[in-house]
Amino acid sequence: MSAIITNINQLDPKGSYTYADYLLWQFSERVELIKGKVLKMSPAPSRKHQEISWIIARQLDKIFRKTSCKMYTAPFDVRLVDFKNSSDDSQIVSVVQPDLCVICDHNKLDEKGCIGAPDLIIEILSPGNSTKEMDLKFDLYQENKVKEYWIVNPMEKMILIYVLENERFVGLKPITEKSLLQSAVFPNLKFKAKVVFDL
């Protein structure tokens, strides 16, 4: 059995870890696991990041409160089972905390969070974390068949939407602050992008 880790420096940066290991980590830093590798998260989201998250959350809530789908905001663990359809903690090597996510299949929800791909994931870029969202998480979410993935870029005032088609993400026309944002998977989810960036 793995030992309890109380300091992130006890982890081997080149090591490979599982969700079973993750559950034993008792340090203050927030981390995610992507294919067994530990990725540090920003110490705390910026004020602007938090405001954008809440603005989008309010828009989501208007739609999903009337449905059986559930919306969650970070921190909320999403365990992705990669190529193994297993709920064994020692077999799960990817655990992420999306800024926002929507899950419509209640069988994926348990007391620890979500196991399996949410229907919609929204990530808000912060300076310095764009590589993770644009590269590593893009591939991870595509492989795990997330139906729709938004990348919100506050610096460029733009939202990129990717929709899963034939197991590959297809990018839609970029949403700018003057555009109407409409989900492809949830057509009733639509609002003016201006509300996201007009802080």
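1. The accessible surface of the protein amounts to about 10,700 Å², and carbon and sulfur atoms account for 50% of it. Accessible areas follow the Shrake-Rupley method with a 1.4 Å probe, and for residues only the protein chains shown count as cover. The model is predicted: local features need pLDDT of at least 70 and side-chain atom pairs count only at pLDDT 80 or more, while totals for chains, interfaces and linings use all residues. Residues are numbered from 1 along each chain as its sequence is written, and side-chain values use heavy atoms, with hydrogens and water left out.

2. Along the principal axes, the C-alpha atoms fill a box of roughly 50 × 35 × 30 Å.

3. Of the 199 residues, 47% are buried (under 20% relative accessible area; exposed is over 50%, partly exposed in between, with a 1.4 Å probe and protein chains only). Among contacts (heavy atoms within 4.5 Å) between residues at least 6 apart in sequence, 54% join residues at least 24 apart.

4. The secondary structure consists of four helices and 15 strands. These are DSSP runs numbered from the N terminus, with helices (H or I) of at least four residues and strands (E) of at least two.

5. Strands S1 (residues 31–34) and S2 (residues 37–40) pair in the antiparallel sense over four bridges, where pairing requires that DSSP find at least two bridges between two strands. The two strands form a hairpin with two residues between them, and lysine 35 in the turn has a positive phi of about 55°. Leucine 33 lies opposite valine 38 of S2.

6. Strand S6 (residues 100–103) has Leu100 and Val102 pointing one way and Cys101 and Ile103 the other, all of them buried. In a regular strand, side chains alternate between the two faces of the sheet. S6 pairs antiparallel with S3 (residues 70–73) over four bridges, threonine 73 being bridged to leucine 100. Three bridges also join S6 to the antiparallel S9 (residues 120–124), with isoleucine 121 as the partner of cysteine 101.

7. Isoleucine 159 belongs to strand S11 (residues 158–165) and counts as buried because its relative accessibility is 0%. Leaving aside residues up to four places away in sequence, isoleucine 159 touches several residues, including Trp150, Leu181 and Phe197. Its C-alpha atom is 6.0 Å from that of proline 174, 15 residues away along the chain.
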